[in-house]
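Me: I have a chain open on my screen and would like to go through it with you. Could you take my questions one at a time?

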Amino acid sequence: MKDYKPITREAFMQFFRDEDKLNELSPDDRIEIFSTILLGSSDITQALLEEVLKDYNVSNLEVIDAKDGNEGLV
């Protein structure tokens, strides 16, 4: 990893909550953050995925809770 200036949690969250600062991030930056920020599989729930789809007005996908692991996002 490259050298970087350490920031506090508070500074990071202040940046994250500042829409003008977020707009400085590229679409690729945003996808990278979105796809790597969660700790693990236990963070990815049906409720969270449904909320994300709702927040982004995605109406062409549905989350299915499949206990046998043979189904997923449709």
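Me: How much of the protein chain counts as buried?

Reply: Of the 74 residues of the protein chain, 7% count as buried, where buried means under 20% relative accessible area, exposed means over 50% and partly exposed lies in between, with a 1.4 Å probe and protein chains only. This is a predicted model, in which local features need pLDDT of at least 70 and side-chain atom pairs count only at pLDDT 80 or more, while totals for chains, interfaces and linings use all residues. Residues are numbered from 1 along each chain as its sequence is written, and side-chain values use heavy atoms, with hydrogens and water left out.

Me: How many helices and strands does the chain have?

Reply: The protein chain has four helices and zero strands, and read along the sequence the pattern is α-α-α-α. Both kinds of element are DSSP runs numbered from the N terminus, a helix being H or I with at least four residues and a strand being E with at least two.

Me: Which aromatic rings pair up, and how are they arranged?

Reply: A search of the whole structure finds one aromatic pair. The ring centres of Phe 12 and Phe 16 are 6.4 Å apart and their planes are at 15°, so the pair is stacked; rings of Phe, Tyr and Trp (its six-membered ring) pair if their centres lie within 6.5 Å, and planes under 30 degrees apart count as stacked, over 60 as edge-to-face and the rest as tilted.

Me: Where do Phe 12 and Phe 16 lie?

Reply: Both are in helix H1 (residues 9–16), four residues apart, which is about one turn of the helix. Phe 12 counts as partly exposed at 35% relative accessibility, and Phe 16 is also partly exposed, at 42%.

Me: Changing topic, which residues form a salt bridge?

Reply: Glu 24 forms a salt bridge with Lys 21, with the closest N and O atoms 3.6 Å apart, and the count for the structure comes to one. The rule asks for a side-chain nitrogen of Lys or Arg within 4 Å of a carboxyl oxygen of Asp or Glu.

Me: Are those two residues buried or exposed?

Reply: Glu 24 is exposed, with a relative accessible area of 56%, whereas Lys 21 counts as partly exposed at 35% relative accessibility.

Me: What is the backbone of Asn 57 doing?

Reply: Asn 57 has a positive phi of about 55° although it is not a glycine. Asn 57 lies in the segment after H4 and counts as exposed, at 69% relative accessibility.
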